[in-house]
Amino acid sequence: MSDSSARKITVLFVLCAVLTAALAIAGCTGTTGSDNVTTLATTPATGGDIVVFTAASLTGVSADLGPAFEDANPGTTVTFNLQGTQSLKKQIELGATGDVFISAKTAYTNDLMAGGYLVNETVKKLTSNYIVVILPAGNPGNITSLDDLARPGMKIAMGTAEVPVGINTRTVIDNLANSTLVSSGWKEGVFDNVVTYETTEPGVVTKVSLGEVDAGFVYESSYKAAAAGSLELVPIPEEYNALQIYTVGVLSDSTNKETAQKFIDFLLSSEGQEILKNYGFTSIS
Amino acid sequence: MNVMADEKRQKFRARAAKGIAATLVLIVCLYLTLPLVALVLRVTPELLMTYLPNETVQKALWLSLLTSGIATVTVIAIGTPAAYFHSRTAYPGKTLVDTFIDLPLVLPPAVAGFSLLLLFGRTGLLGTYLHIIGIDVAFTTLAVVMAQIFVSSPFYLRQAKALFEQLDPAYEETARTLGSSSFRTFISIILPLTASGLISGAIMTFARALGEFGATIMFAGNLPGVTQTMPLAIYAAMQGNFDVAIAISVLLVAISLAIMLAVRLLTRNRKYDV
């Protein structure tokens with residue numbers, strides 16, 4: 001055997017070892033760190049597998065909702081497709097197949113109902129969520145009031161004008177701008193400070209958690225879901241806030257409408273609502 | 001009789017092979033072009049007339065051209081001498097350097113962007129100190145350029161390395177024995193001999209920078225006029241006004257096609273074809 005082919009074999013061996021180690025580590029964390037598993041592994045079809053097109057702001061709570069449903073219904077597997085509601089809507093309109101749709105924007109749900117993409121009688125209100133301002137731990141921008149958000153040099157992240165969290169953020173900012181809570185020119189000041197428009201709500205949370213921006217407009221549930229002490233909060237009074245209503249329904253193309261309906265029933269049950277409440281969602285009574 | 005049958009069989013085989021080859025080429029072509037056909041079929045002249053003058057589209061177009069241009073010039077300025085020394089010198093760890101140069105080609109751009117954020121972000125490894133002296137890089141136009149340089153530099157560096165390696169050292173040695181300085185040799189002998197190959201590498205780098213998405217949205221964010229390049233504008237528009245997304249996509253396809261044609265023309269009949 002020549003020297004070079006011996007070397008090649010050594011290299012291949014090292015490569016395999018590295019890959020195996022990486023996979024082993026990934027496997028271990030997968031079983032021990034269940035708190036950050038958002039997309040659950042799919043097992044071979046048991047007839048109980050459903051795919052849930054889920055608004056990205058439910059990323060945190062989905063990690064609890066899925067396993068709770070699976071435990072209560074052995075043989076079922078729930079896979080979440082977590083993206084901005086506007087992206088999910090576009091995907092459904094372009095032919096993506098799933099079983100359940102959880103929307104953060106009622107207008108988008110109505111569009112899909114009108115287009116025949118949802119089984120209309122299954123559509124229900126699921127829960128709701130308020131907008132808050134979050135700051136990185138330590139408050140690097142020294143923001144103590146809503147007024148401070150307009151101070152020149154602050155860095156702010158918010159959702160795009162299409163993503164539900166961004167739509168509600170704009171409503172809230174308009175409400176506040178017309179109130180006596182903030183100084184004149186506040187709205188313009190805030191928008192001048194925006195350094196990034198994110199296409200999902202978790203995108204905003206990430207930029208704030210990393211400390212890369214001074215403040216971000218997100219849902220209350222994201223603040224509640226974050227590790228204690230990792231974020232600070234500037235609340236927005238309820239009278240100026242915009243309550244985000246979440247809706248849920250079975251998709252017309254679903255091949256497993258029975259389990260899909262079961263999952264929706266679970267979400268609306270006291271157990272499902274309790275899990276949502278733990279993550280800072282406001283239940284609709 | 002036998003000979004004729006053999007000949008027939010051979011002819012048949014040759015024809016069958018040709019047929020299979022042609023089918024395979026056709027499949028490749030269709031697979032690569034049909035998506036673009038689908039895109040172009042959605043376009044009407046009115047749609048382009050309506051949305052191309054759109055402010056978001058215009059801003060994204062100029063920002064893309066500007067940042068990709070700066071990224072390309074930077075890669076050429078630093079990459080050309082670096083690639084030359086790399087090719088002409090034997091040094092320990094050279095293979096490792098080759099690997100690092102190729103790494104961005106296989107690294108998911110989102111990983112590149114996230115890593116850049118963890119290095120240059122204001123709470124990052126280097127960014128913390130830059131922030132103290134008042135320099136914030138993340139979420140600026142500079143961050144767009146840096147992300148583009150990271151992902152697109154291999155296209156130029158690989159090409160430059162290959163060109164310099166193929167070049168016979170006799171040219172340089174002759175020039176030097178005739179009293180030319182190394183700098184003058186590089187400028188007047190080496191560069192002219194490799195120019196067309198280097199330019200095609202630079203064009204590929206520009207094209208890759210123009211299409212950059214994942215690293216940019218992670219490291220530079222998405223702000224119209226500041227960091228929203230064309231691919232980001234397409235992504236943002238996809239979620240709202242589909243027609244805007246189509247208009248920008250067509251524009252990018254046209255630019256990409258023009259770029260590839262330019263590379264083909266430049267490298268035609270050249271020794272250093274890629």
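Select A:Ile156 and A:Ala215 in this predicted model. The two residues are bridge partners, with A:Ala215 sitting in strand 8 of chain A. Now widen the selection to strand 6, residues 156-159 of chain A. Strand 6 runs parallel to strand 8, and two bridges join them.

Next, pick A:Ile134 and A:Gly216. Here A:Gly216, in strand 8 of chain A, is the bridge partner of A:Ile134. Extend to strand 5, residues 131-136 of chain A. Strand 5 pairs with strand 8 over four bridges, in the antiparallel sense.

Stay on strand 8 and show residues 215-219 of chain A. How many of these five residues are buried? Five of the five are, so strand 8 is largely enclosed by the rest of the structure. Buried here means under 20% relative accessible area.

Colour by burial next: of the 285 residues in chain A, 49% are buried. Then turn to contacts within chain A. Take those between residues at least 6 apart in sequence: 78% of them join residues at least 24 apart.

Last stop, chain B. Select residues 1-41 for domain 1, then 44-267 for domain 2. What separates the centres of these two domains of chain B? The separation is 38 Å, with the centres taken over C-alpha atoms.

Note on methods: Residues are numbered from 1 along each chain as its sequence is written. Chains are lettered from A and ligands numbered from 1 in the order in which they are written. This is a predicted model: local features need pLDDT of at least 70, side-chain atom pairs count only at pLDDT 80 or more; totals for chains, interfaces and linings use all residues. Side-chain values use heavy atoms; hydrogens and water are left out. Buried means under 20% relative accessible area, exposed over 50%, partly exposed in between (1.4 Å probe, protein chains only). Two strands pair if DSSP finds at least two bridges between them. Domain bounds come from an automatic or database domain assignment. Contact means heavy atoms within 4.5 Å.
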